[in-house]
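Q: I'm new to this one. Can you walk me through how its parts fit together?

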Number of protein chains: 2
Amino acid sequence: MTKLLRSWVESANSAQCPFPLNNLPYGVFIVNGQPAQCCVAIGDQALNLAAMELDGALSFDRTLVTGSWNAFMALGPSAWAELRGLLIEMLAEGGRTELSRYLIPLSDIKLVMPFAVTEYTDFYAGRNHAFNVGTMFRGPENALPPNWLHIPIGYNGRASSVVVSGTPVVRPHGQLKGPNDELPRFAPSARFDIELEMGAIVGTASNGPISVTEAFENIFGYVLLNDWSARDIQAWEYQPLGPFQAKATATTISPWIVTAAALEPFRVSTPEREKPLLDYLAEPAPMLYDIDLEVTMAPEGKSETVISRTNYREMYYSAAQQLAHHTTSGCPMRVGDLLGSGTISGATKESRGSLLELSWGGKEPLTLDTGETRSFIEDGDTLTLRGAAKGDGYSIGFGECSGKLVPARNL
Amino acid sequence: MTKLLRSWVESANSAQCPFPLNNLPYGVFIVNGQPAQCCVAIGDQALNLAAMELDGALSFDRTLVTGSWNAFMALGPSAWAELRGLLIEMLAEGGRTELSRYLIPLSDIKLVMPFAVTEYTDFYAGRNHAFNVGTMFRGPENALPPNWLHIPIGYNGRASSVVVSGTPVVRPHGQLKGPNDELPRFAPSARFDIELEMGAIVGTASNGPISVTEAFENIFGYVLLNDWSARDIQAWEYQPLGPFQAKATATTISPWIVTAAALEPFRVSTPEREKPLLDYLAEPAPMLYDIDLEVTMAPEGKSETVISRTNYREMYYSAAQQLAHHTTSGCPMRVGDLLGSGTISGATKESRGSLLELSWGGKEPLTLDTGETRSFIEDGDTLTLRGAAKGDGYSIGFGECSGKLVPARNL
């Protein structure tokens, strides 16, 4: 495993800093009402790449002045490597300290969506999550669907509902029908939940089936992703065509794109196969990542409680396997497509990635450090995901993926 | 019902012409390698609206020179009414014949995608189709899912896979597992099918729940839509999260956007409710349309056979109801969102909208006029949808929605 790369930006050299020189995650910020600017995080600062390209200090076909990373991603992997190489050179100890005029404290900027989500697909690739949810919905003997160990199952979500960390989430209305209700009713969801996921961002378009290796190379980077889910809407609507409005209220992502390049030292294999995979899904090398994850919940005006700790390596399928499967039918993939991993739950109760599992469908409410109990999310609660890949004396952080639930509309 | 509006473009005045002055559908064409141009069909001609806006003969914020109808749609309903009003005035008998210099014969142009599909949602709103498919998959007693009469059920599809009429469709690969197979295999689909649908195009964005009336007003127009479906991939993958790769190979649309304004005389109510709908889905006025539809199949180099005739009014839910339901959770809708109606099947065998139903899962193959039999689509077959709303001495045509299946890739 590589060690901390030291930067002349001193705050980047601490073992606790989420944004050392090894990381260099890409974001987009606004400040003082100016247009959105592409930037990279280093220590407690953002380096304004848009301003650098305008000044000629960087030259990437003016993609860095577009207020989004899509155009840069479309330049392809050699440009990705070139920019990362330049930034490491510029920001390394002994590098170009005169660039400090492009630094802005992170505390002074507002981060917005780092890229335009072209389409959004959500998978269901966590073995423990699938088993837990399946047990609650269908009993333990039918918990895992027959196709689950063969297919990285997924469904298409709504790109229009993806928002950046910090955006409030409005409790949704929907059709609800409990098992004992005679008729459905239209009301605010009473079982609103989170799903702890990682999101993979497609940086290279494809038009036809691609291999797992090609898929791995086409992924530009990763974000934390909270796939907010209305469990009561889901239970009534999801058969036979899958989740729809239950998942369309919002999906929150963290504001920094952590590149695949930064995560390279943290590659791990997917868990041992319980059934052999078809050749087109075989993973020729480790393509999952060792990333520690946690979820916190904070009632309105109260301190937060860690409600789950797990790791991305729990997934049964990697994003590369998911992306390769996504293209089997010939489905074109485009720059900015976002792939949710599926809920990441560990084997133990404390490592489950949704309240549905943590409270076992509401039967075992959680007790927070503040004394409150929760089965699902209450108005005013803030839910936050955090993640970090831990290196030797440094860590690769993702920033926060946070959202506060606000009361339902008056309809 | 209104009568034929006569135009100085003589070919538009025939009762057989799909594009009389009453219609004025919007398309985008390319000719001689020039950039894509917005146009309107009149008789056997296209009026080049891009050239007219460039010359100052029309003025819509230069949206007509963008090579797509999205920017114009975003101007909103008053602009939609204004352009239609101007075109009717200009093209009516006694109107501005000097505009003939902007006419190009339809036979000389190539029509491309009329708009950029932002996201694509496919519904399942045909009562007969849902019953037929449900019977085959789950038996007649469980045919209609319990939520079906309460919710316009839908799932998110893949916008990237939507193509314009005339685009060849490559037979997809996928995971297949027959009921008697021990393990799945990766192979070309052997049960590739069509779905006869209408597509509704969202022309006005929304951000939160909207009423059925608002939804009706937000729909700019309609196209014919063929939701190609790999039934064998679908059968193995679709539980529990719904269809995914089975529907991602291609969805073909007709090249002309027939506006809601043109269809106004053909509004009809949805069929009588079998169970009362929740208030938010109630239809305050007729919002479905009386549109005759047919499907033909032509083996390679052979003539076509009509394999189905039905009508859009068979749908249990209108596009307005579907769009309103789509927004209940707060899901933002954007200009260019495309909503597939779901397969339109009539009550009789000859009016079914998919081969799955027409051949009853392959058990009752069709015999074409050419003598060939078909259960599903064979390589080289061309499938074509056509549609028309029939007025008093005129009809509102959609153009063809056609695609030829070409052999699977060598993977």
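This is a predicted model: local features need pLDDT of at least 70, side-chain atom pairs count only at pLDDT 80 or more; totals for chains, interfaces and linings use all residues.

Q: How many salt bridges between domain 1 and domain 2 of chain A?

A: The count there is 0.

Q: Which elements of domain 1 touch domain 2?

A: In chain A, β1 (26-30), β2 (37-42), α2 (70-73), α3 (77-91) and β5 (110-112) each supply at least two residues to that side of domain 1. The residues on this side divide into 19 nonpolar, 4 polar and 1 charged.

Q: Back up a bit. Where do the domains of chain A run?

A: The domain assignment gives domain 1 as 10-112 and domain 2 as 120-406. Their C-alpha centres lie 28 Å apart.

Q: And how many residues are in contact between them?

A: 24 residues of domain 1 of chain A are in contact with 24 residues of domain 2 of chain A.

Q: How much area do these two domains bury between them?

A: About 1,800 Å², with 69% of it on carbon and sulfur atoms. In domain 1 of chain A, the residues that lose the most area to domain 2 are Tyr26(A), Met73(A) and Trp80(A). Together they make up 29% of what that side buries.

Q: Do the copies meet through the same surface or different ones?

A: The same surface, because 100% of the interface residues of chain A are also interface residues in chain B.

Q: How many residues are in contact there, and how much area is buried?

A: 58 residues of chain A are in contact with 58 residues of chain B. The area buried between the chains is about 5,100 Å², and carbon and sulfur atoms give 60% of it. Arg158(A), Leu241(A) and Phe244(A) supply 16% of the area that chain A buries against chain B, more than any other three residues.

Q: What about polar contacts and salt bridges between the chains?

A: There are 4 salt bridges between chain A and chain B. Polar contact links 26 residue pairs across this interface, both residues being at pLDDT 80 or more.

Q: Which elements of chain A touch chain B?

A: Those giving two or more residues are β6 (120-123), β7 (154-156), β10 (173-176), β11 (185-188), α6 (231-237) and α8 (319-326) of chain A. The largest share, 3 residues, comes from β7(A). The residues on this side of chain A divide into 27 nonpolar, 23 polar and 8 charged.

Q: Which side chain meets Arg158(B) in a salt bridge?

A: One is Asp337(A), at 2.7 Å, N to O. The side chain of Glu119(A) also meets Arg158(B) in a salt bridge, at 3.6 Å, N to O. Arg158(B) lies in the loop between β7 (154-156) and β8 (162-164) of chain B, and Glu119(A) in the loop between β5 and β6 of chain A, so this pair joins two chains.

Q: How many salt bridges over all chains?

A: The count comes to 49.

Key:
Residues are numbered from 1 along each chain as its sequence is written. Chains are lettered from A and ligands numbered from 1 in the order in which they are written. Side-chain values use heavy atoms; hydrogens and water are left out. Contact means heavy atoms within 4.5 Å. Domain bounds come from an automatic or database domain assignment. Buried area is the accessible area (1.4 Å probe) that two parts lose on being put together, summed over both. Helices (H or I, at least four residues) and strands (E, at least two) are DSSP runs, numbered from the N terminus. Ala, Val, Leu, Ile, Met, Phe, Trp, Tyr, Cys and Pro count as nonpolar, Asp, Glu, Lys and Arg as charged, and the others, Gly among them, as polar. A polar contact is a pair of N or O atoms within 3.5 Å; within protein, one must be able to donate a hydrogen and the other to accept it, and residues adjacent in sequence count only if both atoms are side-chain atoms.
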